[in-house]
Amino acid sequence: MPQKKFYVIWVGHQTGIVDNWAECQRRIKGYPSARYKSFKTLADAQKAFETPWSEIISTGNKGKTKKTIKENIDPGHQPILRSLAVDAACSGNPGPMEYQGVFTDSGKRWFHAKFPIGTNNIGEFLAIVHGLAELKRQKKDLPIYTDSTIALGWIKKKKCVTKLERSKQTEQLFKTIERAEKWLSTNNWTTKILKWDTKAWGEIPADFGRK
């Protein structure tokens with residue numbers, strides 16, 4: 001299940017603490033120089049809200065990773081909330097791997113799969129194909145967001161270009177890869193596959209929260 005996040009809005013149409021991205025988006029969309037940040041616990045969010053935003057959000061890269069800086073966002077550059085977000089996580093590379101697809105606006109999980117051995121790139125690739133297949137099967141008109149440039153390239157090639165060795169441990173995974181490649185080669189789709197802007201929007205909603 002996706003890790004719950006709490007969003008603090010210091011500057012926006014309405015300030016405060018909310019527990020979902022959709023509400024945070026509503027409060028900051030179109031507001032010049034909105035200031036907001038996500039936290040893993042309500043206690044951390046409450047403590048941050050009582051602190052000036054300038055002490056929480058850095059205006060430069062010193063002491064902060066680029067992924068946590070959420071300022072200077074182009075108000076017109078916003079994610080499509082009515083969409084599907086996919087992501088993967090791997091404990092080691094290779095290692096135990098899982099992927100999931102969640103609805104961007106609610107964070108509700110739609111599908112999930114786990115494998116004993118895999119890589120993050122393979123998981124990202126399979127998550128996109130799984131999303132394409134489910135959307136087509138259920139006739140849902142939603143774009144897919146991924147934060148993986150590599151997976152996008154593999155989808156374009158309709159080929160999982162992995163160096164992972166095939167073995168007894170990875171046999172199930174490779175059979176899944178083959179089915180995914182076959183689906184890409186034998187199906188047409190109109191679904192838009194979009195790159196999630198992590199720098200501007202924070203972690204993708206399907207993120208497993210293990211960074």
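This is a predicted model: local features need pLDDT of at least 70, side-chain atom pairs count only at pLDDT 80 or more; totals for chains, interfaces and linings use all residues.
Residues are numbered from 1 along each chain as its sequence is written, and side-chain values use heavy atoms, with hydrogens and water left out.

Helices (H or I, at least four residues) and strands (E, at least two) are taken as DSSP runs, numbered from the N terminus, and two strands are said to pair if DSSP finds at least two bridges between them. On this basis, 3 strands form an open sheet in the order E2-E1-E3, with antiparallel pairing. Strand E2 (16-18) and strand E3 (35-39) stand at the edges, and each has a single partner strand, so one side of each is left without a neighbour in the sheet. Neighbouring strands of this sheet are turned by 20 degrees against each other on average, direction ignored; axes here are lines fitted to C-alpha atoms, for helices over the stretch in contact, and angles run from 0 to 180 degrees between N-to-C directions. Strand E1 (residues 6-11) is joined to E2 by 3 bridges, and Tyr7 stands opposite Val18 in E2. Helix H1 (residues 21-28) packs on the sheet and touches E1, E2 and E3, its direction making about 10 degrees with that of E1, where contact means heavy atoms within 4.5 Å. Helix H2 (residues 42-49) also packs on the sheet, touching E1, E2 and E3, and its direction likewise makes about 10 degrees with that of E1.

A nonpolar core is a set of buried Ala, Val, Leu, Ile, Met, Phe, Trp, Tyr and Cys residues joined through side-chain atoms within 4.5 Å, with buried meaning under 20% relative accessible area, exposed over 50% and partly exposed in between (1.4 Å probe, protein chains only). The largest such core has 31 residues, of which Tyr99, Ile122, Phe125, Leu126 and Leu173 touch the most other members. Two or more residues are given to this core by each of strand E4 (84-90), strand E5 (95-103), strand E6 (109-118), helix H3 (120-137), helix H4 (149-157) and helix H5 (171-186), and the largest share, 8 residues, comes from H3. When neighbours within four places in sequence are left aside, Leu126 is in contact with Tyr99, Phe115, Leu173, Thr176, Ile177 and Ala180. Another core, of 16 residues, lies apart from it and has Tyr7, Ile28, Tyr36 and Ile204 among its members.

The axes of H3 and H5 come within 10 Å and cross at roughly 50 degrees.

Strands E5 and E6 pair in the antiparallel sense over 7 bridges, and Gly95 stands opposite Gly118 in E6. In their hairpin, which has 5 residues between the strands, Gly107 takes a positive phi near 80 degrees. The peptide bond from Asn93 to Pro94 is cis, with omega near 15 degrees, and Pro94 is placed in the loop between E4 and E5. Lys139, in the loop between H3 and strand E7 (144-146), has a positive phi near 55 degrees and is exposed, with a relative accessible area of 77%.
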